[in-house]
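Subject: Structure for you to look at

Hello,

Here is the structure I said I would pass on. Please open it first, then read the notes below alongside it.

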Amino acid sequence: MKRTNTQSIGEVIREFFEENTQLQTKIQEVRIKRAWEEVLGPSVMQYTRNLYVRDGILFVSLSSAVLRSELTLYSDKLIKSLNEHAGVTVIHKLVIR
């Protein structure tokens, strides 16, 4: 018996995520969180206390005031680098606390 409607697993997963946009958004947010660690490195991660995305805004809590002021100066470049590293434009604004 030959199947006529066969699809690869990749196609099925891609269709699933296209239909479930909320899940796709959450996956993109996780990519941004991983990109933060990979782009800025472990030295910045040790001062990062909280990191989350809400409505296209990346909120970052840092324990170092010096690092906070440095990263604030380069926030536009950080946004661009994080989105490029994640492979999709997720964040439009960066709030560093």
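In these notes, two residues are in contact when they have heavy atoms within 4.5 Å of each other. Please keep in mind that this is a predicted model.

Thr-48

With that definition, which residues is Thr-48 in contact with, leaving aside its neighbours within four places in sequence? They are Trp-36, Val-60, Ser-61 and Leu-62. Thr-48 itself lies in strand 1. The side chains of Thr-48 and Trp-36 are also joined by a polar contact of 3.2 Å. Is Thr-48 buried or exposed? A residue counts as buried under 20% relative accessible area, and Thr-48 has 10%, so Thr-48 is buried.

The nonpolar core

In soluble globular proteins, nonpolar side chains tend to be buried together. Here the largest nonpolar core has 20 residues. Those that touch the most other members are Ile-32, Trp-36, Leu-58, Leu-71, Ile-91 and Leu-94. Two or more residues each are given to this core by helix 2 (21-45), strand 1 (48-54), strand 2 (57-62), helix 3 (65-73), helix 4 (75-86) and strand 3 (93-96). Helix 2 supplies the largest share, five residues.

Leaving aside its neighbours within four places in sequence, Ile-32 is in contact with Val-53, Leu-58, Leu-82, Asn-83, Ala-86, Val-90 and Ile-91.

How the helices pack

Two packed helices are described by the angle between their axes and the distance between the axes. For helix 2 and helix 4, the angle is about 115 degrees and the axes are 9 Å apart. An angle of 65 to 115 degrees counts as roughly perpendicular, and helix 2 and helix 4 are therefore roughly perpendicular to each other. The crossing of helix 2 past helix 4 is right-handed. On the helix 2 side, the contact is made by Arg-31, Ile-32, Ala-35, Trp-36, Glu-38, Val-39 and Leu-40. On the helix 4 side, the residues are Leu-78, Ser-81, Leu-82, Asn-83, His-85 and Ala-86.

Helix 1 (residues 9-19) also packs with helix 2, at an angle of about 100 degrees and with the axes 5 Å apart. Helix 1 and helix 2 are therefore roughly perpendicular to each other too. Phe-16, Phe-17, Glu-18 and Glu-19 of helix 1 meet Thr-21, Leu-23, Gln-24 and Ile-27 of helix 2.

Gln-28 lies in helix 2. Its relative accessible area is 17%, so Gln-28 is buried. Leaving aside neighbours within four places in sequence, Gln-28 is in contact with Val-88 and Val-90. How far apart are the C-alpha atoms of Gln-28 and Ala-86? They are separated by 7.3 Å, although the two residues are 58 residues apart along the chain.

Ser-75 lies in helix 4. Ser-75 counts as buried because its relative accessibility is 18%. The C-alpha atoms of Ser-75 and Arg-54 are separated by 17 Å, with the two residues 21 residues apart along the chain.

Asp-55 is in the loop between strand 1 and strand 2. Most residues other than glycine have a negative phi. Phi of Asp-55, however, is positive, near 55 degrees. A residue counts as exposed over 50% relative accessible area, and Asp-55 has 72%, so Asp-55 is exposed.

Regards

Conventions. Residues numbered from 1 in each chain as written. Predicted model: local features only at pLDDT ≥ 70, side-chain atom pairs only at ≥ 80, totals over all residues. Heavy atoms only, no water. Core = buried A, V, L, I, M, F, W, Y, C linked by side-chain atoms within 4.5 Å. Buried < 20%, exposed > 50% of the residue type's maximum accessible area, 1.4 Å probe, protein only. Helix = DSSP H or I, 4+ residues; strand = E, 2+ residues; numbered from the N terminus. Polar contact = N/O pair within 3.5 Å; in protein donor to acceptor, adjacent residues only side chain to side chain. Axes fitted to C-alpha atoms, helices over the stretch in contact; angles between N-to-C directions. Parallel < 35°, antiparallel > 145°, perpendicular 65-115°, else oblique. Left-handed = near helix turned anticlockwise from the far one by under 90°.
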